[in-house]
Amino acid sequence: MELPFAESYRIKMVENIRRSTRDEREKWIREANYNLFGLKSEQVFIDLLTDSGTGAMSDHQWSALMLGDESYAGASSYFHMKEAIKEITGFDYFLPTHQGRAAENVLFSVLVQPGNIVPGNAHFDTTKGHIEFRKAFAVDCTIDKAWDTTNPYPFKGNVDPVKLEETLKKNNDKINFIIITVTCNSTGGQPVSMENLRMVREIADRYHKLVVFDSARFAENAYFIKKREKGYENKSIREIAREMFSYADVMTMSSKKDAIVNMGGFIGMRDKELFTKASTYNIMFEGYITYGGMSGRDMEALAVGLYEGTEYEYLETRIRQVEYLGNSLIKLGIPVQQPIGGHAVFVDAKKFLAHIPEEEFQAQTLAIELYKEAGIRGVEIGALLADRDPITRKNRFPELELLRLAIPRRVYTNNHMDVVIAALKNLYDRRKEIKHGYKIVKEAPIMRHFTIQMAPLG
Ligand code: F0G
């Protein structure tokens, strides 16, 4: 008999979670104004809101905390982090920041001016937010295949070279850099191929532009390159990661993902002048350049996490769990973004609730129904997250309306995944009984989905 696949770790500490009744959940979600961010975590049974900062640290990371050097300047923990970053990514200069969006804030303070254009592959919402906040524009150059959830193309995070070149030709003087998100969260945790990264570098060189990687899930991207791209099957994750980063000038990192810490981030740079300019903003916004919003102990855990997050056995366990959830849903005929991405399963709400109009926010409707069904919290990646157009102030309805089920690292077992599968199957079977969606009652002018208040229609 073939031995089944099992996790590459065992559990040393547990946190209790609580089941609830449908009546309780209906009350709680009403009190939260039908916004899942408004729920208390104790009102949630399986929390798939995000894979960011929700991972379980290892025994090695917990022991590293004790080594934290809490000096204001020049802490040894800073140098441990520097060493890990240099070894894993190859970048000589770095600035610690308290999380990924803080890295964007510091870097974009140097690189983004009003009226600029920033081409990329489906920029993450905080990235777009930091660009638009500076009165600049994010231009999405992702390949069209990414928007067809049934297309099994293995690299749906890829940049379309024609779209990128057209954007560069048209706006050459307004563009300082191209930003590539690896893996691409907004298209479904989809990887970017090495060939595509190389191509972006080649185009950037011809137009004398910088290449920035938004690297939150770079290790998951490296895993997919190993599994799916010819010529990489025998290379280690770290070799692949080093080659990926060799095509970038700068990286921003939310360490809450692939460095498996609960808080932390950084900017990696090759150029000393950029480092010097960014240092001033880091001091203003984050803290002195050798701690940047992180405590010494957090920098220690982050350094260990960078090594653990790039181990093949860990990544295989992680991504196979996400695939287990996604492929089980596919077998049941439930529409999801295919192939299954790295950190989450993205349910195609436009197809799931095809009878509900987009103006009633299909993905949010599905997210609320799933919570009511089984206490599972996902997140809408659709029109609410897309915000209004900064000029016309009209709702932007993106190509995809998705319910994201993000899996925290090393936290849930496949029994939890089975609960998610059964809950979605129940909803899919009775989807026609969900007659109405929701309307917006109150919203913030930017990044509205975090605090939005909604009310049921019908
Ligand atoms: N870039 C990407 C691709 C992200 O997914 C995130 C965060 C950030 C940047 C910002 O990093 O949260 O540390 O400030 N994504 C989380 C998510 C919030 O749920 O996908 P941060």
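This is a predicted model: local features need pLDDT of at least 70, side-chain atom pairs count only at pLDDT 80 or more; totals for chains, interfaces and linings use all residues.
Guide: Residues are numbered from 1 along each chain as its sequence is written. Local features need pLDDT of at least 70, side-chain atom pairs count only at pLDDT 80 or more, totals for chains, interfaces and linings use all residues, and side-chain values use heavy atoms, leaving out hydrogens and water.

Visitor: Which residues of helix α6 are called buried?

Guide: Leu164, Glu165, Thr167, Leu168 and Asn171 of α6 (residues 161–171). Buried means under 20% relative accessible area, with a 1.4 Å probe and protein chains only, so these five names fall under that cut-off.

Visitor: What puts them on the same side of α6?

Guide: They cover an arc of only 160° around the axis, so they share one side. That arc is taken from the directions from the helix axis to the C-beta atoms.

Visitor: Which residues sit on the face turned away?

Guide: Val162, Glu166, Lys169 and Lys170, which are exposed, meaning over 50% relative accessible area.

Visitor: What makes the space lined by Asn35, Leu36 and Phe37, among others, a cavity?

Guide: On a 1 Å grid over the protein atoms alone, a cavity is a set of points where a 1.4 Å probe fits but cannot get out, and lining residues have an atom within 4 Å of a point. The largest cavity holds about 70 Å³, and the search finds one cavity of 30 Å³ or more.

Visitor: How does its lining divide?

Guide: Into six nonpolar, four polar and one charged. Glu380 is in the lining, and Glu counts as charged.

Technical notes. Helices (H or I, at least four residues) and strands (E, at least two) are DSSP runs, numbered from the N terminus. On a 1 Å grid over the protein atoms alone, a cavity is a set of points where a 1.4 Å probe fits but cannot get out, and a pocket is an open set with protein on both sides within 12 Å along at least five of seven lines; lining residues have an atom within 4 Å of a point. Grid points are joined across faces, edges and corners, and a volume is the space filled by probe spheres set on the points.
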